[in-house]
Amino acid sequence: MLRRIHLRPRVGVAALMCLVVAIAAWVLFAGQAKRLEWTAASEAALRKPTGYPQLISVEPFPGMDGQMCQWVPANAMTSLRTALQQERRAAQTAAQATPPGFPSAAQQTEVQERSPLRIIRDPYPAFSSVAVDTVHDEVIFTDENLFQILVYDRMDNTPPTATMTEPKRVISGLQTKIEFNCDLYIDPKTGDIYTIAHDSGGMPLTIFSRQAKGDVPPTREIDTPKGTYGIAVDEEAEEIFLAIQHDSAVVVYEKYAARDDPPIRLLQGDKTMLGDAHGIALDTKNKLMFVSNYGSSSSRAPLPQREGEAWETGQERERKPNWPLQRSQAIPGTGRILPPSINVYPIKAQGDVPPLRIIQGPKTQMNMPSHLFMDEERGELYLANDMDNSILVFDSSASGDVAPKRVLKGPQTLIQNPTGVFVDIKNDELWVASFGKHVATVFQRTAEGDTPPLRVIRNGPLDAPGLMIGNPGAIGYDTKREEILVPN
Amino acid sequence: MHPQIAIFARLADGGEKPVRQIHGQKTLLSRTVHAIAYDGIHDEIVVPQQFAQAILTFRGGANGEEAPIRVIHGSLTQLQRPDRLGIDPVNNEIYVPDGGKMLVFHREANGNVAPIRVISSDSGIGGAVAIDPLNNVFVTGGSRSLQIFDRTASGHTKPLRVIGGPKNGDKIRGSKNITLYPPRGWIIVANQGVNRHRPMDYSEESFVGVWNIHDDGDVPPRWMIGGPFGALRQARGVVLDPKHKTVIVSDKYLNAALTYYFPEIF
């Protein structure tokens, strides 16, 4: 038993040694075979193994035509200067930050299609001017918020419980060229609607037929200066008068002028004392013209045209006869801010002539005087007095610092920031368009004081505020109060 | 049109009424206020009044028919038709692009005062301006380009960089107002877009674009918000509310103020 135990380790060791010898022999002879293959391959490539490194190829260095470092003399002074220069350059490089990379197309698309969180916008129309078609018993308004002409029945009366009165007809859309339209005139013979756009690039005076409806082009257009605010027509002379706010001017056109016809008269200049002109009214009986003014203006002079210099395209219309001098022709530093006024001129006034008289001063109660209406029958001048929430009535011969004959004002009138006023002489009624309250109100012609209206046409709910946002050309943010500032 | 600055709560929406209004004859405001700047350091509101060639500064909390606290106005001012402006409340300056030049007034200038600096350039000075007191540049916007100037520039000078070119010039079509986000060097521009409905001021291609003050040459905007073919029809004003990561845009055609959440740029 012991013998068998002693024999078995001896046999195991011998077997292990045999295995090691066999593996060693395989490695040795197999490696020899591989080396023979490599040798044959090298000989085929005309190189023979030598046991030393061999040159197998020659490649030239890259060209040396780039910028090279400047050699710096190795003395202490220049070394210090060089070190300082390098430090400064390093600082400059750090300051010249590279633009950040671009977001992915998917990220850009997601942002581009993102909807606004909130939109401050008055959803209802804002009546800015009013006129009555007494032949067809219709009342027509300009809406300066949603860019529409709205036609109602003259006798419409919105019940207190109703949200609003639906108009009979609406003219609106890109084809109409109605944008910030702020005044209108109804041709008493045809019922045609003459309306002016206040503040858009090169918007014309547009004329629509009485039955126009929807997104339709005007039947006629007349190119006018930018910033027209008020319109009045002398039917006997067949002339259209326009008050130009931007240029503190009045231009007069022939009533049936075509698109590019120039004005036939111009009233503009320092002597006229026009300033931020707004409303305009005519007294054809006494041959007078009335213009309301906020008061701001500046002196203007024609731009010199240098020899050989071509006029720019946009300047072509400025070369028309009787075209007012533009804001670009204002003389720097000549600006004026005068009190509000109503200036009175001869109806045919032109050039730089002074007014016959001016209604102006604290007794007049004027505060941002807007549209005017002349009641020739009674010799009374009506003013929509925007900031005073009132209608002021002056005698047509009023002059200087005088109080109005009548004032229509108070909470019962529902008048708020009135910009439009019209006297319906046939029906003995006074119409007021309130820009600040979604409401038009009808009164007896001679109403005064805090009188409730005879009828009301609302274009929005009774309690809906009129935001009066109009052409918000800028926006600000009050970080202290967390409020959004929207100027008109 | 009723001249006013209507002031709304940050969260106002729809037809919500303003919390206050600055309007009336005593304010000296006229309409056509095409720029407004709120100075958060001194709590003031600054606007141009182009008909009277004036710059009006109101108290930040002004309300109702309140007169401005300062008026820059008169023969020394060189003001011709101030339409837009920018303020640098850190360095106490008001920038007014006017007549192809940049007129720089001291913030506290009042009455008939001359500008402290007048900057001009061969390439002209654009119509909109915003100042970055952190990176010491100001940016002006022309009809087809944005120009980046050294903030301390004076006299006749050259812009440091001009963004615009044949590929992306249309992207900078009618940059009406500019605002900056200095911590990240963003230039945010209200672009009215290519107007294909003349004479209407209406463009479906209107948008607010974002560039960087280090951009140079014919670089497209990194971001466009509100369009093209979005909600905007005539972007005119733009301002940031960094605290709530929003950009607020006024739109002339919509008669509206739109607030967009835009955290990517803050």
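# Notebook: chains A and B

**Entry 1. The interface.** I began with the contact count: 88 residues of chain A touch 101 residues of chain B. The model is a predicted one. I then looked up the area, since the size of an interface is often given as the accessible area lost when the parts come together. Chains A and B bury about 8300 Å² between them. Of that area, 57% is on carbon and sulfur atoms.

I noted the polar side next. The rule finds 54 residue pairs in polar contact across the interface of chain A and chain B, both residues of a pair being at pLDDT 80 or more. On chain A, the elements that give two or more residues to the side touching chain B are helix 3, strand 1 (118-121), strand 16 (296-297), strand 17 (336-337), strand 28 (476-478) and strand 29 (483-487). I also sorted this side of chain A by class and got 41 nonpolar, 30 polar and 17 charged residues.

**Entry 2. Val111 in helix 3.** I picked a residue from one of those elements. A:Val111 sits in helix 3 of chain A, residues 105-112. Is A:Val111 buried or exposed? Its relative accessibility is 0%, so A:Val111 counts as buried. I listed its contacts, leaving aside neighbours within four places in sequence, and found B:Trp223, B:Met224, B:Ile225, B:Phe262 and B:Glu264.

Entry 3. Which strand of chain B pairs with strand 1 of chain A? I found strand 22 of chain B, residues 256-261, in the antiparallel sense and over four bridges. Within this pairing I noted that A:Ile120 stands opposite B:Ala257.

**Entry 4. Gln53 of chain B.** I looked up B:Gln53 in the loop between strand 4 (44-49) and strand 5 (54-59) of chain B. B:Gln53 has a relative accessible area of 1% and is therefore buried. Its side chain reaches the backbone nitrogen of A:Gly335 at 2.6 Å. A polar atom of that side chain also lies 3.3 Å from the backbone nitrogen of A:Gly333. Beyond its neighbours within four places in sequence, B:Gln53 has contacts in both chains, among them A:Ser298, A:Ala330 and A:Pro332 as well as B:Ile72, B:His73 and B:Leu79.

**Entry 5. Salt bridges between the chains.** How many salt bridges are there between chain A and chain B? I counted seven. I wrote down the pair B:Lys243 and A:Glu482, whose side chains meet at 2.9 Å, N to O. I also found a network of salt bridges that links A:Asp478, A:Lys480, A:Arg481, A:Glu483, B:Arg20 and B:Asp43.

**Entry 6. Salt bridges within a chain.** Over all chains the count comes to 43 salt bridges.

- A:Asp424 and A:Arg154 have their closest N and O atoms 4.0 Å apart. A:Asp424 is buried at a relative accessible area of 0%, and A:Arg154 is buried at 7%.
- A:Glu221 and A:Arg259 meet at 2.4 Å, N to O. A:Glu221 is buried at 16%, whereas A:Arg259 counts as partly exposed at 40%.
- B:Arg151 and B:Asp88 meet at 3.8 Å, N to O.

**Entry 7. Leu103 of chain B.** Last, I looked up B:Leu103 in strand 9 of chain B, residues 101-106. B:Leu103 counts as buried because its relative accessibility is 0%. Apart from neighbours within four places in sequence, its contacts include B:Thr77, B:Leu79, B:Ile94, B:Val96, B:Pro115 and B:Val118. The C-alpha atoms of B:Leu103 and B:Pro82 are 9.7 Å apart, and the two residues are 21 residues apart along the chain.

Key:
Residues numbered from 1 in each chain as written. Chains lettered and ligands numbered in written order. Predicted model: local features only at pLDDT ≥ 70, side-chain atom pairs only at ≥ 80, totals over all residues. Heavy atoms only, no water. Buried < 20%, exposed > 50% of the residue type's maximum accessible area, 1.4 Å probe, protein only. Contact = heavy atoms within 4.5 Å. Buried area = accessible area lost by both parts, 1.4 Å probe. Polar contact = N/O pair within 3.5 Å; in protein donor to acceptor, adjacent residues only side chain to side chain. Nonpolar A, V, L, I, M, F, W, Y, C, P; charged D, E, K, R; others polar. Pairing = 2+ DSSP bridges.
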